[in-house]
Amino acid sequence: MSGRLCVALVVVLGALAIAPSAEAAHSCGTFSGAGGDVIRVYALRGVSCKKALDVAHVVAQSNPPSPWHCLTGTGQRYRGKAISFACGYGSRGPVMKRRHAFVAVQLHTAG
């Protein structure tokens with residue numbers, strides 16, 4: 001019996017090791033973008049919701065503040081919704097994969 005218990009414990013611990021990290025994306029809220037579009041912001045990693053929303057408001061009106069790098073009109077989807085823009089900093093590569101990243105999706109369009 002103790003052998004089976006050890007095997008079960010190893011299986012459970014192995015599953016925990018490959019489970020998604022505790023730092024999952026957080027929905028940070030919505031705001032009205034240009035032309036009345038409704039935008040929802042998700043903090044992906046390394047950024048608080050407050051910071052993600054603050055930067056998203058700036059990006060929706062003009063260029064992203066330093067050190068953020070943002071892409072708009074990527075043609076990609078996140079959680080089934082079209083991405084309006086994705087921003088990140090802190091490493092190289094796609095902005096959504098960077099150490100500090102968030103994404104803004106279009107919930108509703110005006111009209």
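This report describes the fold, nonpolar cores, aromatic pairs and salt bridge of a predicted model.

Residues are numbered from 1 along each chain as its sequence is written, and side-chain values use heavy atoms, with hydrogens and water left out. Because the model is predicted, local features need pLDDT of at least 70 and side-chain atom pairs count only at pLDDT 80 or more, while totals for chains, interfaces and linings use all residues.

## Overall fold

The protein chain has 2 helices and 6 strands, in the order α-β-β-α-β-β-β-β along the sequence. Helices (H or I, at least four residues) and strands (E, at least two) are DSSP runs numbered from the N terminus. Of the chain's 111 residues, 27% count as buried. Buried means under 20% relative accessible area, exposed over 50%, and partly exposed in between (1.4 Å probe, protein chains only).

The accessible surface of the protein chain is about 7100 Å², and 58% of this belongs to carbon and sulfur atoms. Such areas come from the Shrake-Rupley method with a 1.4 Å probe; for residues, only the protein chains shown count as cover. Among contacts with a separation of 6 or more, 41% are between residues 24 or more positions apart. Contact here means heavy atoms within 4.5 Å.

## The nonpolar cores

In soluble globular proteins, nonpolar side chains tend to be buried together. A nonpolar core is defined as a set of buried Ala, Val, Leu, Ile, Met, Phe, Trp, Tyr and Cys residues joined through side-chain atoms within 4.5 Å. The largest one has 16 residues, of which V41, F85 and F102 touch the most other members. At least two residues of this core come from each of β1 (26-32), β2 (38-45), α2 (49-61), β5 (81-89) and β6 (100-108). The largest contribution, 5 residues, is from α2. A second, separate core has 9 residues, including L44, I83, A86 and A101.

V41 is found in strand β2 and is buried, with a relative accessible area of 0%. Leaving aside neighbours within four places in sequence, V41 is in contact with H26, S27, C28, G29, F31, A52, L53, A56, F102, V103 and A104. The C-alpha atoms of V41 and S84, which are 43 residues apart along the chain, are separated by 9.7 Å.

With the same exclusion of neighbours within four places, F85 is in contact with A56, V59, L71, T72, F102, V103 and A104.

Helix α2 has 13 residues and reaches 19 Å from its first C-alpha to its last, close to the 18 Å expected at 1.5 Å a residue. The expected span is 1.5 Å times one less than the number of residues. The buried residues of this helix are A52, L53, V55, A56 and V59. Their cover includes β1, β2, β3, β5 and β6.

Side chains of opposite charge can pair when their charged atoms come close. The structure holds 1 salt bridge, a term that requires a side-chain nitrogen of Lys or Arg within 4 Å of a carboxyl oxygen of Asp or Glu. The side chains involved are those of D54 and K50, at 2.9 Å from N to O. Both residues lie in α2, 4 residues apart, about one turn of the helix. D54 is partly exposed at 35% relative accessible area, and K50 is exposed at 59%.

## Aromatic pairs

Rings of Phe, Tyr and Trp (its six-membered ring) pair if their centres lie within 6.5 Å; planes under 30 degrees apart count as stacked, over 60 as edge-to-face and the rest as tilted. The count by this rule is 4 aromatic pairs. Two of them are listed here.

| Pair | Centre distance | Plane angle | Type |
|---|---|---|---|
| W68 and F102 | 5.3 Å | 65° | edge-to-face |
| F85 and F102 | 6.4 Å | 85° | edge-to-face |

W68 lies in the loop between α2 and β3 (69-72), and F102 in strand β6, so that this pair links parts of the chain 34 residues apart. The pair of F85 in strand β5 and F102 in strand β6 spans 17 residues. W68 is buried at 6% relative accessibility, and F102 is buried at 0%. F85 is buried as well. One aromatic cluster is formed by W68, F85, Y89 and F102.

## A buried arginine

R98 lies in the loop between β5 and β6 and counts as buried at 13% relative accessibility. Not counting residues up to four places away in sequence, R98 touches R45, H69, G88, Y89, S91, R92 and G93.
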